[in-house]
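Here are my notes on the model you sent over.

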Amino acid sequence: GSCSAWVHTPKNGPNGTIQTNAFFEGAININDFPALGDACFSSFLLETRSSDSVSATLKDFVLGEFNTCPEISITKTADDTSVCVGTPTTYTYVVHNPTALNLTGTVVDDNETPGNPADDLDVTALCVSIGAGTPGTVPLPPGNTTFTCSRTLGVGIHTNVVTVVASFGGFSDTATDDATVTVTPTPKISIDVLVCSPPQTGFQLTATPSGGTAPYNITFDGESCTSCTSKTISRTVGGAFTATVTDANGCTAQWTRNVGYCSDSANPQ
């Protein structure tokens, strides 16, 4: 027999001693084999023999799994989940490699069309369109690897899914994440046509918002109103009169009307 390196109580013989030809359960610590380096084990195979001879016929086989291979993950976030049309959205992609292995991989955004690679984006190339081509492969070392890119989206709700495929030797792992950004339209503001007949000494102008998302806040030549549908000012001297509207989403628009004495420029809106 031989001495056990762990607590062992045999059916026969002294404790701590494994008898010759006896059955026992053991364990192997893979970390105790430095020669394996960054090896990744995803499975194992156990077998039995008809006798204790190394040349004995193999009998039963048991296949199992190890969890020593990478479990890659990725997060995708937007700097602002609600923006006004025309405002770029900056996406941040963070690939997390929890192991000590130096992985390589691809990071691809589906550009809102899952299952259709025709307009996919290579995130590692700053969201460059790859169409149906092959994305670039980049190192994904232990820890976090971050990529960012900015895109200007149209009005609507946009949900994009990113997929990272990481590999080491013959092993590969995949992870996904998504982010949703709502792009809202900007409002408009118009200033009505001035009606002024000499010898009239005063006039009124009204600024009226439209589009965007109500309620509106209006500032017209220094005068303001909150949650209003229009703003009227009274003046006795001509000049440049500017109206600014801010809608419920914080989107803004501005217009200026130039008014002389009893004269008016055309309203462009």
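**Notes on the model**

1. Aspartate 178 is partly exposed, at a relative accessible area of 40% (buried means under 20% relative accessible area, exposed over 50%, partly exposed in between, with a 1.4 Å probe and protein chains only). Aspartate 178 belongs to strand β14; strands here are DSSP runs of E, at least two residues, numbered from the N terminus. Setting aside neighbours within four places in sequence, aspartate 178 has contacts with Lys76, Thr159, Asn160 and Val161 (contact means heavy atoms within 4.5 Å).

2. A word on the basis. This is a predicted model, where local features need pLDDT of at least 70 and side-chain atom pairs count only at pLDDT 80 or more, while totals for chains, interfaces and linings use all residues. Residues are numbered from 1 along each chain as its sequence is written, and side-chain values use heavy atoms, with hydrogens and water left out.

3. Valine 164 is worth a click. Beyond its neighbours within four places in sequence, valine 164 is in contact with residues including Ile72, Ile74, Val95, Val107 and Leu140.

4. Tyrosine 91 and tyrosine 93 make a tilted pair, 6.3 Å centre to centre with 40 degrees between the planes. Tyrosine 91 is buried at 0% relative accessible area, and tyrosine 93 is buried at 1%.

5. Phenylalanine 203 and phenylalanine 241 pair edge-to-face, at 6.0 Å centre to centre and 80 degrees between the planes. That pair links distant parts of the chain, strand β16 (residues 203–211) and strand β20 (residues 239–246), the two residues being 38 apart.

6. Look at tyrosine 91 again: the charged end of lysine 76 sits over its ring, 4.4 Å from the centre (NZ of Lys or CZ of Arg within 6 Å of the ring centre and within 35 degrees of the ring normal).

7. The disulfides come to three (cysteine sulfur atoms within 2.5 Å). Cysteine 84 is joined to cysteine 251, S to S 2.0 Å, and the torsion about the S-S bond is about -105 degrees, so this disulfide is left-handed. Cysteine 84 is in strand β6 (residues 82–84) and cysteine 251 in the loop between β20 and β21 (252–260), so the bond ties together parts 167 residues apart in sequence.

8. In the disulfide of cysteine 127 and cysteine 149, the sulfur atoms are 1.9 Å apart. Cysteine 225 and cysteine 228 are also joined, S to S 1.9 Å, and with 65 degrees about the S-S bond their link is right-handed.

Notes: Helix = DSSP H or I, 4+ residues; strand = E, 2+ residues; numbered from the N terminus. Phe/Tyr/Trp six-rings, centres within 6.5 Å; stacked < 30°, edge-to-face > 60°.
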